[in-house]
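Here are my notes on this model, point by point. Please read them with the structure open.

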Amino acid sequence: MYNLISILFKYIFIIIIYLFIFSIIRLIYLDIKSINTITLEGNAYLKLINRRDSLPYKVKEHYSIDDEITMGRYSDNDIFIQDPFVSKRHFKIVEDEGAYYLEDLDSANGTYVNNERIEDVVKLSNGDIIRVGNIEFLFVDRG
C-alpha cells in the first residue's frame, strides 16, 4: 500500500516539475518574441530608458530623429507624451551639419541633459541622457 502511494507521489512530483519547466520556457519564448528589432532610418534616435510598463501613459521605445523633432503634451508634437510634468511644447532637437542640438521651449519644469538643467541650446553627444518630467531618453548618434 505504501509502495503504491510513494510511486504515485513520485509521478505527480515529476509532472509538476515538467509543468514548471514548461512554463519557464514559455515565458522565455514570449519575452524573446516581444523584442522589437530597431528599424530606424536616420543616424540618430532617442531610446527610452524607463520601463514602458512602469509608465501610466503610452510611449514608444525608440524615436528616430530626422531634421527636427519636437516633444510635448500636444498631439501635434512628434513625440506626444501625456506626462503631467511635460509642457505642451517642451523641447525640440534640430540637426545642423551633422550635429544635433537640443533646445528647451520655455517649459515649466525644464529639460535636463546629463542631470543638468539646460538654459540655452545644447549640442548633444552620443550617450547623453535627456530627462523630461519622469521620462529619460538616451540620445544615440550612429553617424
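1. Start with the contacts of T111. This is a predicted model. Leaving out residues up to four places away in sequence, T111 touches H90, F91, L102, D104, E116, R117, I118, I130, R131 and V132. One of these, D104, also makes a polar contact: the side chains of T111 and D104 are joined at 2.5 Å.

2. Where does T111 sit? Its place is the loop between β6 (99–104) and β7 (112–113). T111 counts as buried because its relative accessibility is 0%, against a cut-off of under 20%.

3. Next, β7 and its partner. β7 and β8 run antiparallel and are joined by two bridges. Y112 has R117, in β8, as its bridge partner. R117 is also among the residues that T111 touches.

4. What is the strand order of the open sheet? The six strands run β2-β1-β11-β10-β7-β8, with antiparallel pairing. β2 (62–65) and β8 (116–117) are the edge strands, and each pairs on one side only.

5. Now the largest nonpolar core. This core has 25 residues, and L46, I93 and I130 touch the most other members. Two or more residues come from each of β1 (44–48), β2, β3 (68–72), β5 (91–96), β6, β10 (129–132) and β11 (135–141).

6. Look at L46 in detail. Neighbours within four places in sequence aside, L46 is in contact with E61, H62, Y63, I65, I79, F91, I93, I130, F137, L138 and F139. Of these, I93 and I130 are named with L46 as touching the most other core members.

Methods: Residues numbered from 1 in each chain as written. Predicted model: local features only at pLDDT ≥ 70, side-chain atom pairs only at ≥ 80, totals over all residues. Heavy atoms only, no water. Helix = DSSP H or I, 4+ residues; strand = E, 2+ residues; numbered from the N terminus. Buried < 20%, exposed > 50% of the residue type's maximum accessible area, 1.4 Å probe, protein only. Polar contact = N/O pair within 3.5 Å; in protein donor to acceptor, adjacent residues only side chain to side chain. Contact = heavy atoms within 4.5 Å. Pairing = 2+ DSSP bridges. Core = buried A, V, L, I, M, F, W, Y, C linked by side-chain atoms within 4.5 Å.
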